[in-house]
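Here are my notes for you, point by point. Keep the 3D view open and find each spot as you read.

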Amino acid sequence: MTIPDFLFECSWEVCNKIGGIHTVLSTKAHTLHRQFNDRAIYMGPDSGRPNPEFEEMHTFYPDWVEFAEKNEPFRIKTGRWQIPGTPPVILIDYQQLFCERNALYFSMWESFGVDSSRAYGDYDESCIFAYAAGRVIQSFYTFHRLEEKKVIAHFHEWMLGFGALYIQKHCPRIATVFTTHATSTGRSIAGNNKPLYQYLNHYNGDGMAHELNIEAKHSLEKQTARFADCFTTVSDITALECEQLLDKSPDVVTPNGFEPGFVPDNDSYVAKRNQARTLLFNVAEKLTGSHIDPNAFLVATSGRYEYRNKGIDVFIDVMNQLRLSNELPCEVVAFILVPAWVYAPRADLKEVLVRNFQTDESMQMPFLTHWLHEMDNDRVMNHILKAGFSNHPSEKLKIIFVPCYLDGNDGIFNMPYYDLLIGIDATLFPSYYEPWGYTPLESIAFGIPAITTGFAGFGLWVQNMLNGSSIDEGVEVVNRTDDNYAEVVSAICETLLKLIKNDQSERETINQKCFELASKAEWQSFIKHYHTAYDMALMKAVKRKK
């Protein structure tokens, strides 16, 4: 294993929490920092707003910063990412480069065959940022005369494809790694209610990109996978997708790990769990106007608002089937922790929480913690209402939609996601499309049993590790196909009922199994796959020198 002299890791989600890639990078950073020290440098976008994850520092390569600001059109901030390991980070203000867009698109077409002619939406923003990231790396590399050093530039997702291609063209001695965490075409097929897996071998990536109107993204992703020195993806299931839709098998599969430092130690675990449960119960009671038994079972789902892909539809139907089953031995409160188009935290809920008023009847819309834009068109709310949930005090199962980023400043909970997750009894992630699946891994890392599916990369990993799967071992992996929706709902109901009926001793045993399984998915075990990718990329870069 060769440790490169410098590693530049570039993503839209550096110091910018949007989805799972933020978790990949922020948890992996501590392990990489122990190996690279400050020679592993992260790059993300500068939003121009105050950023709680970023602490600006002017001592980071000040001579180069002065040089770059005098000689380049972009503006940068240097500092440290406020995560375990506190790695160095460069935030890039790329707005000044938009004037070069047309010339850039022509250059990428001429050199790499990237067709940007049908671009729309976030394509321009993403590509200009990626281009800026490439130029920042080039500036740093040139200023410090790193031609004889082993340098890796790692780019994540199609959004950073232009950065990888720019480096390939203008700094050919730098080795490039490109990781797709989900193909744009595969995600779109699944998100448009088309059967992805049953017909995967019959899909043509170019044709489907045309049909789904994502040709520019697909073209960029496909060509970056082709030209990068090392192309990786996060799971075996997505590797098959890449081979079929991008006409390129990944060179290395790099599964996503977790950093145990995010989990409270034994001394504070119980206190944090009790604090989270107190808050969750308080919000639920204020919304529903009912006292909820302190021994009620709390279940949750979370992740991005991809209604079908993430299995949010399944989650609601599972809860409805449990509600109507008359088999629940205790009260259940189900939380959907999924960011949506939030208008504002509910003023009425906020008021009774601040004043600690005891509500004796349910609030208007007792399923919702924050008001939404265009609430009549929200699929989660429509599903909850159509299913007939009432959250009436007489109902044993209540469901609550928390449609905001749990960053500690949402106006209702004001507590980060992990600090709430620790109070949950079980999690459910019945994904239809999930290249890896960080949410169930996060769950078991906090000692909370999780249910996922065989369509998730993490689910397949669990099955390989356990030679099957069982909720008694911490994770249940439900078999999901393109057409067994009802069976999936029933199977999950059965597993959840088993968990709910467990006594305290059985729950503690399962919690311990969760910790044991999660320890096998820590970055210290998985980082070797990244070093395989680095070695492969460096070998190709060396050949270019000759």
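1. Start with helix α10 (residues 266-288) and helix α12 (residues 347-355), whose axes come within 10 Å and cross at roughly 120°. That angle makes α10 oblique to α12. The crossing of this pair is right-handed. Bear in mind throughout that you're looking at a predicted model.

2. Who does the touching here? From α10 it's Asn 282, Val 283, Lys 286 and Leu 287, and from α12 it's Leu 349, Val 352 and Leu 353. Sorted by class, the contact of α10 with α12 has five nonpolar residues, one polar and one charged.

3. Now for a second pair of helices. Two packed helices are described by the angle between their axes and the distance between the axes. For helix α5 (residues 161-170) and helix α8 (residues 215-227), the axes come within 9 Å and cross at roughly 40°. So α5 is oblique to α8, and α5 passes α8 in a left-handed crossing.

4. Which residues make the contact between α5 and α8? On the α5 side you'll find Gly 161, Phe 162, Ala 164, Leu 165 and Gln 168, while α8 brings Leu 220, Gln 223, Thr 224 and Phe 227. The contact of α5 with α8 divides into five nonpolar residues, four polar and no charged.

5. Next, the cysteines. How many disulfides does the structure hold? The count is zero. Take Cys 127, which is in no disulfide: the nearest cysteine sulfur belongs to Cys 10 and is 14 Å away. Cys 127 counts as buried because its relative accessibility is 0%, and buried means under 20%.

6. A disulfide would need the two sulfur atoms within 2.5 Å. Is Cys 230 buried or exposed? Its relative accessibility is 0%, so Cys 230 counts as buried.

7. Go on to His 156, which sits in strand β6 (residues 151-156). With 1% relative accessibility, His 156 counts as buried. Leaving out residues up to four places away in sequence, His 156 touches Glu 9, Cys 10, Ser 11, Ile 21, Leu 25, Lys 28, Thr 179 and His 181. For a sense of distance, look at Ile 83: it's 73 residues from His 156 along the chain, and the two C-alpha atoms are separated by 19 Å.

8. Another histidine to look at is His 33, found in helix α1 (residues 20-36). Its relative accessible area is 18%, so His 33 is buried. Skipping residues up to four places away in sequence, the list of what His 33 touches is Asp 38, Arg 80, Gly 85, Pro 87 and Pro 88.

9. Last stop: Thr 439, in helix α15 (residues 438-445). Thr 439 has a relative accessible area of 14%, so this residue is buried. Again not counting residues up to four places away in sequence, Thr 439 touches Ser 302, Gly 303 and Phe 429.

Key: Residues are numbered from 1 along each chain as its sequence is written. This is a predicted model: local features need pLDDT of at least 70, side-chain atom pairs count only at pLDDT 80 or more; totals for chains, interfaces and linings use all residues. Side-chain values use heavy atoms; hydrogens and water are left out. Buried means under 20% relative accessible area, exposed over 50%, partly exposed in between (1.4 Å probe, protein chains only). Helices (H or I, at least four residues) and strands (E, at least two) are DSSP runs, numbered from the N terminus. Contact means heavy atoms within 4.5 Å. Axes are lines fitted to C-alpha atoms, for helices over the stretch in contact, and angles run from 0 to 180 degrees between N-to-C directions. Angles under 35 degrees count as roughly parallel, over 145 as roughly antiparallel, 65 to 115 as roughly perpendicular and the rest as oblique. A crossing is left-handed if the near helix is turned anticlockwise from the far one by less than a right angle, and right-handed if clockwise. Ala, Val, Leu, Ile, Met, Phe, Trp, Tyr, Cys and Pro count as nonpolar, Asp, Glu, Lys and Arg as charged, and the others, Gly among them, as polar.
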